[in-house]
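Hi,

Here is the structure I promised to pass on.

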Amino acid sequence: MSQQQRELLKLVVVGHVDHGKSTLVGRLLHETDSLPPGKVEAIKAMSERRGMPFEWAFVMDALQAERDAGLTIATTQIWLRTPRRDTVIIDAPGHKEFLKNMVTGAAQADAALLVIDAQEGVREQSRRHGYLLHLLGLRQVAVVVNKMDLVDYDEARFRALEREIQAYLGGLRLTASAIVPVVARDGDSIRHRSAKLAWYRGPTLIEALGDFHPLSASTDLPLRLPIQDVYKFDERRILVGRIESGWLKVGDRLMFSPQNRTARIASIEAWGVDRLPTEAEAGQSVGITLDEQLFVERGALASHVERPPVETDVFRARLFWLGREPLRVGRALKLKLHTAETMVTVQSIEKVIDTGDLSASAATQVERNAVAEVVLRSRAMLALDTHAACPRTGRFVLVDGYDIA
Ligand code: GTP
Ligand code: MG
């Protein structure tokens, strides 16, 4: 159907504030010849005019208006051209106030780079970001130990950090595919090996990136098609949505949850084609018509009759709390789960997890930026999956007014 496309990897760069994420990304763009000709020279000239020392992070800022603040606020997306595939880099902010942006950036990613300053070592946000990668189900993680120049390229310092990082990630059942000592500012171990880091025998950063794979569209999981909209054309009703997992074909009997109604797919609609498609799979947005008129609206979840989602009005969840006020039992919030929206209340707080040392404790409330296991009860029945079975329909967002909480 579509043209042969180059593989696309989405990579999020996370880590504590000022550990060098933007610098690393700027340098990566340079080392992979992903920048337009003359870009670096132009930025160097501009820094000079403004009387500021040149920073690789300015390359990123050239795409976004964050230069004056000197720190990353929103996530920025940039394209990197590497021989094997295209990579989109999501540069996440390291400051605690912007954790929400880090979470949204990481939620879209296939793989992550955790940047740690060799001199400062593992800090609060290094651990928290590591935990969030785990919470979001990201399994492909590499670690960059940056600013090796500030520790005199010392192997002993690197090995100590390496052990500390491995122990922390191990506690999250995450394994770093590589831990690479670099100097992002100067380019050591980014593309080329560095004489100053001669003791290091592992992959360069670009080699380590080559080992990451785009997460395959989950065609082998059960069909999950959350309905986004229903369009009425003359007599026909076209149900529109994106297939989150699995696949479907004309003639399949679909179950719509939580309404518990079934019908067969009569057609898969398309525009500007000679013949309508007869099947579609995960990752595609589709419009389908049914062989009978069902009352189905936005928020319904279509599956095959044989492998339906769970229907429930109470479930246990692990969540990361970003709300301004602590989360307490009895609190009502809006739940957004695939395309469904409904009110939920916090029935109980089971435990709060300390992302610093991974210990769990009982608590009566969840503070901002903390992780907790809670039980939520909804007013209406919900169609959902366990995260392990079907990650896309096993995660959700809580909204407080207009804010993601
Ligand atoms: P936030 O986006 O605010 O979280 O920061 P960041 O992680 O993107 O850090 P950024 O790239 O802005 O770098 C912070 C500072 O560290 C800048 O002054 C950089 O010049 C400096 N820096 C980055 N990499 C290196 C390095 O390899 N060596 C040295 N000595 N300094 C570096
Ligand atoms: Mg930055």
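Let's start with helix α4 (residues 99-107), where L99, M102, V103, G105 and A106 are buried. Buried here means under 20% relative accessible area, with exposed being over 50% and partly exposed in between (1.4 Å probe, protein chains only). Looking down the axis of α4, the buried residues fall within an arc of 165°, so they line one face of the helix; the arc is taken from the directions from the helix axis to the C-beta atoms. Among the elements covering them are β1 (8-15), β3 (86-91), α5 (124-135) and β15 (310-321). Helices (H or I, at least four residues) and strands (E, at least two) are DSSP runs, numbered from the N terminus.

A word on the basis: this is a predicted model, in which local features need pLDDT of at least 70 and side-chain atom pairs count only at pLDDT 80 or more, while totals for chains, interfaces and linings use all residues. Residues are numbered from 1 along each chain as its sequence is written, and side-chain values use heavy atoms, leaving out hydrogens and water.

Next, strand β13 (residues 285-290): five of its six residues are buried, so it is largely enclosed by the rest of the structure. Strand β8 (residues 236-242) runs antiparallel to β13, joined by four bridges (pairing takes at least two DSSP bridges), and L239 sits opposite I288. β13 also pairs with β11 (residues 261-269), again antiparallel and over four bridges, with I265 opposite L290.

Finally, G241 in β8 is buried, at 1% relative accessible area. Its contacts (heavy atoms within 4.5 Å) include Q284, S285 and V286, not counting residues up to four places away in sequence.

Cheers

Methods: Chains lettered and ligands numbered in written order.
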